[in-house]
Amino acid sequence: MTNAAPTAPGLISDPAQAQRRILRVLVASQILSGAGLAAGVTVGALLAQDMLGTTSLAGLPSALFTAGSALTAVTVGRISQARGRRPGLATGYLTGAIGSAGVIVAAVLDTPVLLFLALFVYGAGTATNLQARYAGADLAPPGHRARAVSTVLVATTLGGVAGPNLAAPAGTLAEHLGIPHLAGLFVISGAAYALAALVLALWLRPDPLLLARTVARAKEADAATDPAAGGDTDTGARGGVVLGALVMILTQLVMVAIMTMTPVHMHDHGHSTAASGLVIGIHIGAMYLPSPLTGWLVDRYGRMKIAAASGTTLLAAGLLAAAAPGDSVALLALALALLGLGWNFGLVSGTAIITDTVPLATRAKTQGLVDVSIAIAGATGGITSGIMVAATSYPALALTGGALSLALLPAVAATAHRR
């Protein structure tokens, strides 16, 4: 019973050193999980289109794995709240690996119902990949939170960019294994998610959320201060949660809707899977690669300004995607790069707002609930994108997404005015 006593002081004597170790482990797991999340984005819609023979439901896979990520966000948030980030994140990635295996089985059996069920489970990996950003900020001081979040996000770039560009060789490997060509990326996805879970389960020690609580209790005992002190409430609590959630919800909705239908749009104009993979790879790179710069901008110039920049960047992406000729890979790639950058601005600034606002006592649970809203927005974007393109066109979808992103500007202005 007394063995734990010396451990606590040792753990909290240098939280900065623990933070460096935690970030290294999170970076390793994010590199792996980045490769895992690319499969659904790149070939999920094409798999559904191939099985069902229609474009109108091509957005359903994105909607399903995004809906699955909503359920996982709640689960991972609750597990993290009760037991720490390590068991929460490891469980989420393992679930994503199981979903990947289910997609492969569904493709072999040519069973759409099983495909949709497996994609729902596969969505756990997407949610966990995003939840990991909160773990990076748990021990970070207020003035460095956005940069800590960005360090975790940028690690996803390597796997996220490499994953889609493995579509062609993975498809060839799959055919040699007796698996349909389009399901090849899910072989990589399953292995990547399983390895990410293993890395976290073995090496995410000390647990960042549990250690942050220990440090807060120690400061309370020494200085008789509230455990939530030290910058957790630099935005008004209710307004901060609402604004942070709104920024991330709108950016997710617009990004998923346009991204989901871009491979289908390219396929309909005669482009290969490799070309689609290149464009999606550039898009995912733009989602994560600018994170260090975005984190610095958020910490240096404030959450509100970068949140507003998110809306204007997404508008530019929508306009360019709508205007780009269907046979121009370069212009579509540029539009998707802007789409990813706008999403990155929104995610980093919104995450910093939420982390600033919510005290440690309820942080993981609240963050999970916010991510549920983000996932629901993504599911809405995914399911409606296919329907809208079938009823109108891809340019109409892109223009609508760009117009929706402008809603961020009055919300940011109103919140800034109240402060």
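Gln131 is found in helix H5. Helices, like strands, are DSSP runs numbered from the N terminus, with at least four residues (H or I) for a helix and at least two (E) for a strand. Gln131 is buried, with a relative accessible area of 1%; here buried means under 20%, exposed means over 50% and partly exposed is in between, using a 1.4 Å probe and protein chains only. Leaving out residues up to four places away in sequence, Gln131 touches Ala73, Val76, Gly77, Leu89, Gln367, Gly368 and Asp371, where contact means heavy atoms within 4.5 Å.

Before going further, please note that this is a predicted model, in which local features need pLDDT of at least 70, side-chain atom pairs count only at pLDDT 80 or more, and totals for chains, interfaces and linings use all residues. Residues are numbered from 1 along each chain as its sequence is written, and side-chain values use heavy atoms, with hydrogens and water left out.

Now follow H5 to its partners. Two packed helices are described by the angle between their axes and the distance between the axes. Helix H3 (residues 60-83) and helix H5 (residues 112-137) pack at about 55°, their axes 6 Å apart. The axes are lines fitted to C-alpha atoms, for helices over the stretch in contact, and angles run from 0 to 180 degrees between N-to-C directions. H3 and H5 are therefore oblique to each other: angles under 35 degrees count as roughly parallel, over 145 as roughly antiparallel, 65 to 115 as roughly perpendicular and the rest as oblique. On the H3 side the contact includes Ala73, Val76 and Gly77, and on the H5 side Tyr122 and Gln131 are among the residues that take part. By class, this contact of H3 with H5 has 14 nonpolar, eight polar and no charged residues. For this count Ala, Val, Leu, Ile, Met, Phe, Trp, Tyr, Cys and Pro are nonpolar, Asp, Glu, Lys and Arg are charged, and the others, Gly among them, are polar.

H5 also packs with helix H15 (residues 363-391), at an angle of about 150° and with the axes 10 Å apart. H5 and H15 are therefore roughly antiparallel to each other. Leu130, Gln131, Arg133, Tyr134 and Ala137 in H5 meet Arg363, Gln367, Gly368, Val370, Asp371 and Ile374 in H15. The residues of this contact of H5 with H15 divide into five nonpolar, three polar and three charged.

Next, look for rings. How many aromatic pairs does the structure hold? It holds five, counting rings of Phe, Tyr and Trp (its six-membered ring) whose centres lie within 6.5 Å; planes under 30 degrees apart are stacked, over 60 edge-to-face and the rest tilted. Tyr93 and Tyr193 form a stacked pair, 5.9 Å centre to centre with 20° between the planes. Tyr93 lies in helix H4 (residues 85-109) and Tyr193 in helix H8 (residues 184-203), so the pair ties together parts that are 100 residues apart in sequence. The rings of Tyr122 and Tyr193 have centres 6.0 Å apart and planes at 50°, so this pair is tilted. Since Tyr122 lies in helix H5 and Tyr193 in helix H8, the pair ties together parts 71 residues apart in sequence. Both Tyr122 and Tyr193 are buried. Ring pairs link Tyr93, Tyr122, Phe186 and Tyr193 into a cluster.
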